[in-house]
Amino acid sequence: MSLINFNTQVIKNLFSKPATRKYPFEPKNYPERTRGHVQNDMDVCVLCGLCSIKCPTHAITVDKAAKTWSIRPMSCIQCRCCVDNCPKKCLSMDTHFTEPGSEKVTKTFKQSEKAIAAQEALMKAAKERAAAAAAAKAAAAGNAAPVAGAAPAAKPANAAPTGVQQVAAAAAKAEAEKKDE
Amino acid sequence: MSTRSVIPFGPQHPVLPEPIHLDLVLEDEKVVQAIPSIGFIHRGLEKLVDKKDFHEMVYVAERICGICSLGHGLGYCDAVEHIMDLEVPDRAKYLRTMLSELSRMHSHLLWLGLLADAFGFESLYMECWRIREEVLDMFEIATGGRVIFSIMKIGGLRRDIPDDMLKDFRQRLDSIKEGLDIVAKPFIDDVAVKNRLVDVGILTPEKADLLGTAGPFLRASGIARDIRSTGYCAYGDIEFEPIISTGCDSYARTEVRIKEIYQSIDIMRQCIDKMPSGPVDVPVKPNQFPNGEYMARIEQPRGEALYYVKANGSKFIDRMRVRTPTFANIPALVDVLAGCDFADVPILVLTIDPCISCTER
């Protein structure tokens, strides 16, 4: 009896659209959350190195001297840890998978001139602010000394940390943790 | 007077997706004894606790097996959370429950397809896997992965599943149920299917209990033992009864699994209806490390799985050990194989739903 029931399904299948796609000709519409591969916007990246520290498979290498960011796609497990931990939000997960290849490659990206210039400008501004704050503090301490009698030791400038400094501090901390292992 | 001969079965065999080897001692067409040997796919994942810290071990645990991937991540996180005294938020508990049930549907539909393939019903096999594809789509929408989900973390879930996505899931469940109605009928009523399954591989309740069987294989022998009843995650708030069958044969095992898919749909709907709002994770401080040991038990699609974690208060845990349901089911399989027809061996090996990658890690 049920065989007849299933036969109706089989006949229905004969006259309905296939459930499969013709793969290379009809591309798949990936959902928004699909973890395809990691992308880095080198215009924004400050090479802080947090992604390489947080990566469980050590697939990402950041070379601060050569100003490059590189990833080994064969080692990457698409866990999205680097994207979640990126302080500048320059890393993102693309929904498309990387194309198959016959060799294990390392993809290297150079930090763009624009990003280097922006980073240098920020660092310069931060240094200037810190110097100005230190000078103001020293002046204030100099004024206060004769009145109070005992001059407090001039502390190092505690300028408000800028974005770049925060990132650098976080990276240094994480690196120190890594070394503790 | 018949002569005895030994026929090797596996490790590569059309019915086996994964390598297990059985030496079958035959007397004519009857199997007298089956001697299993495992160890073809050992990867040493448990040893990786020396190299990966306890947060990174979640990804290793997930990779123990491709089908129970969510459960392995969940079991490991559950054990570590108990050691660290982390209280997982309610929403994360419900979402974990919902995803576990989705994973159960995925696993059982895959198994039904493989069973249909084993007894040569190709179109039924394709139909089962078509429905499974819808389940995998749901996984991809919710977590971003079809097989490896990377959504578990110590303290909850890495990403929230928003309410509108859950609403969409409710509709998708309806369509899955429609498809399931079509494939369930041939498995339950069909004469040809019954000929291959009824009274094949009888495992009595006493034997099942004695040999420490787990999961649907055990429940098909009439013993209602389901770890979900202990109420881990949000199972304590969900209304469900362990599904049992008293047939004790291969047909009963099929029946239990089909009914469990319906039950999973029901549990998922309950989860979506009762879904509390709030955060999905509790933060773990960078200087907070587990110290102690714990044994977590969860119900995987294939049965009870055990996760033993021993931690020493540092970044790296001392020991992570998994006991998987397939390992518990192999003694019962050997018992069932003795005395069966040689032609029934593939189906009997399938009815324990073997997952060798889990077993050997």
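How close do the axes of helix 3 and helix 9 of chain B come, and at what angle do they cross? In this predicted model, local features require a pLDDT of at least 70 and side-chain atom pairs count only at pLDDT 80 or more, whereas totals for chains, interfaces and linings use all residues. Residues are numbered from 1 along each chain as its sequence is written, and chains are lettered from A and ligands numbered from 1 in the order in which they are written.

The axes of helix 3 (residues 90–118) and helix 9 (residues 250–274) of chain B come within 9 Å and cross at roughly 155 degrees; helices here are DSSP runs of H or I with at least four residues, and strands are runs of E with at least two, numbered from the N terminus. Axes are lines fitted to C-alpha atoms, for helices over the stretch in contact, with angles from 0 to 180 degrees between N-to-C directions. Helix 3 of chain B is therefore roughly antiparallel to helix 9 of chain B, a description used for angles over 145 degrees. Among the residues that make this contact are B:Y94, B:M98 and B:W111 of helix 3 of chain B and B:R257, B:I261 and B:C271 of helix 9 of chain B, two residues being in contact if their C-beta atoms, placed from the backbone, lie within 7 Å. The residues of this contact comprise 13 nonpolar, four polar and five charged, where Ala, Val, Leu, Ile, Met, Phe, Trp, Tyr, Cys and Pro count as nonpolar, Asp, Glu, Lys and Arg as charged, and the others, Gly among them, as polar.

Chain B also contains an open sheet of three strands in the order 1-2-3, with antiparallel pairing, two strands being paired if DSSP finds at least two bridges between them. Strand 1 (4–9) and strand 3 (30–37) of chain B form the edges, each pairing on one side only. Strand 2 (residues 21–27) and strand 3 of chain B are joined in the antiparallel sense over seven bridges, and B:H21 stands opposite B:S37 in strand 3 of chain B.

Between the chains, the contact draws 20 residues from chain B and 18 residues from chain A. On the side of chain B that touches chain A, helix 4 of chain B gives the most, with seven residues, and the residues of that side divide into six nonpolar, five polar and nine charged.

The mean pLDDT of chain A, pLDDT being the predictor's confidence in each residue from 0 to 100, is 78, and 76% of the residues of chain A reach 70 or more.

Notes:
Parallel < 35°, antiparallel > 145°, perpendicular 65-115°, else oblique.
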